[in-house]
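Please consult the sequence and the coordinates alongside the text.

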Amino acid sequence: MLRDRRILLIIGGGIAAYKALDLIRRLRERGAKVRAVMTPAAQEFVTPLSVGALTADHVFTGLFDRQDEQDVGHIRLSREADLIVVAPATADLMAKLAQGLAGDLASAVLLATDKPVLMAPAMNPRMWAHPATRRNRATLAGDGVLFVGPGRGEMAEAGEAGEGRMAEPLEIVATAEAALGGGVLAGKHVLVTSGPTHEPIDPVRYIANRSSGAQGTALAAALRDLGARVTFVTGPATVPPPGGVAVVRVETAAQMLAAVEAALPADAAVMAAAVADWRVANAGAQKMKKDGSGKAPALEFAENPDILARVSKGQPRPRLVVGFAAETETVIAHATAKRLRKGCDWIVANDVSPATGIMGGAENAVTLITDAGAETWERMGKDAVARRLAARIAEALA
Ligand code: C5P
């Protein structure tokens, strides 16, 4: 995919600059030709000598370097690339491009280019959360700049954690591949279910659960970023659906089943929805009223169809079916049994006890259960879980 593609890597000044060295290796391993621009701040973290040794090319550092300008020049530099990757993209570089500033080589190249730009932001969580950075990110995304990350996790500053950690080099590589057309999942159709379901009690009341749809939404976005065509069947979630996917909105489990069946065939199905196990069998056609007797109405329940089991055991069966298991106790044992019972290939298990803050929260701690056994991942942002799982799905479908 990256063979002979020309990538201009702009390295910004931040502690994550050291990861740019690994990124260069990963890109070149895949056959890309990498040329690097370093800001003055980046050179405080890694040296042009190391970067040049890895790119096997001249490293460009200054807008006013007479030799560089004569040999290549910032305009040619920006045009002689198929893709520009900014890693780490600092708050400063984002702000400069959002404003159209071009007073140094990195920002001049970004302003002069007519090629896709992919930014991998990395900064302190407070800087990332600042309204100014938020605005700049939205402006840049509106201008067509692509983003990968940041994820959550420990920061270089002792004791600080949160969103702001640069995406891992392999995630940046996967996103670069997708940006250059045809990611690893190009030509593949992936079905994702997400969100809670609402099961009506009467026309104005329903039974629901605390699923926000955040994990399913992140997964759909991650699969899209790898080039998949994604059908996203979602219950009434609290987070908005991602762009660039086919969204099918449903309310009840029965509607979700119908939407899922209509979306098949698919190469993979990822069932992240928190589907209600039961619906109200005696739901009222009219709003239920208090009758003055002091007696509460008795709701009767009927079991909902198990969408995951139907897809796993039905035809046409996707090559890979992934279920989720939200448990509050003996998570792995329950999830392992569930995988066999439902007939899916993988189960992503997590503990949703209220103390974990996972349901409705931004982070997830999951165990992936496959026929090879259980593998527990460290707690991380739902976006990071999504990207790791998407990469595994891509590997399985390769
Ligand atoms: O049985 P349980 O609800 O714990 O199973 C969870 C997994 O099964 C999730 O992947 C969920 O999306 C799926 N499921 C389903 N249809 C149901 C219940 C669960 O697809 N009726």
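A crossing is called right-handed if the near helix is turned clockwise from the far one by less than a right angle, and left-handed if it is turned anticlockwise. The model discussed here is predicted.

Q: In which hand does α10 pass α14, left-handed or right-handed?
A: Helix α10 covers residues 214-225 and helix α14 covers residues 382-397. Their axes are 8 Å apart and the helices pack at an angle of about 45°. The crossing in which α10 passes α14 is right-handed.

Q: How many charged residues belong to the contact of α1 with α9?
A: Helix α1 passes α9 in a right-handed crossing. The contact involves K19, D22, L23, R26 and L27 of α1, together with P169, L170, I172 and V173 of α9. These residues divide into six nonpolar, no polar and, for the class in question, three charged.

Q: What is the hand of the crossing of α5 and α8?
A: Helix α5 (residues 91-99) packs against helix α8 (residues 131-142) at an angle of about 55°, with the axes 9 Å apart. The pair is therefore oblique. The crossing of α5 and α8 is left-handed.

Q: How many polar residues are in the contact of α5 with α8?
A: From α5, the residues A91, M94, A95, L97, A98 and Q99 take part. They meet T133, N136, R137, T139 and L140 in α8. The division is six nonpolar, one charged and, for the polar class, four.

Q: Which lysine has a polar side-chain atom 2.3 Å from an oxygen atom of the ligand?
A: The residues surrounding the ligand include M271, D277, D306, F324, K338 and K342. A polar backbone atom of M271 is 2.6 Å from an oxygen atom of the ligand, and an N or O atom in the side chain of K342 is 2.9 Å from a ligand oxygen atom. The lysine at 2.3 Å is K338.

Q: What is the omega of the peptide bond that joins Q315 and P316?
A: Most peptide bonds are trans. The bond from G149 to P150 is cis, with omega near 5°, and P150 is found in the loop between β6 (146-147) and β7 (151-154). P316 is found in the loop between α12 (307-313) and β17 (320-327). The bond joining Q315 and P316 is also cis, and its omega is about -5°.

Q: What is the phi of D4, which is not a glycine?
A: Most residues other than glycine have a negative phi. D4 lies in the segment before β1 (6-11). Although D4 is not a glycine, its phi is positive, at about 65°.

Note on methods. Residues are numbered from 1 along each chain as its sequence is written. This is a predicted model: local features need pLDDT of at least 70, side-chain atom pairs count only at pLDDT 80 or more; totals for chains, interfaces and linings use all residues. Side-chain values use heavy atoms; hydrogens and water are left out. Helices (H or I, at least four residues) and strands (E, at least two) are DSSP runs, numbered from the N terminus. Contact means heavy atoms within 4.5 Å. Ala, Val, Leu, Ile, Met, Phe, Trp, Tyr, Cys and Pro count as nonpolar, Asp, Glu, Lys and Arg as charged, and the others, Gly among them, as polar. A residue is near a molecule or strand if one of its heavy atoms lies within 4 Å of it. A polar contact is a pair of N or O atoms within 3.5 Å; within protein, one must be able to donate a hydrogen and the other to accept it, and residues adjacent in sequence count only if both atoms are side-chain atoms. Axes are lines fitted to C-alpha atoms, for helices over the stretch in contact, and angles run from 0 to 180 degrees between N-to-C directions. Angles under 35 degrees count as roughly parallel, over 145 as roughly antiparallel, 65 to 115 as roughly perpendicular and the rest as oblique.
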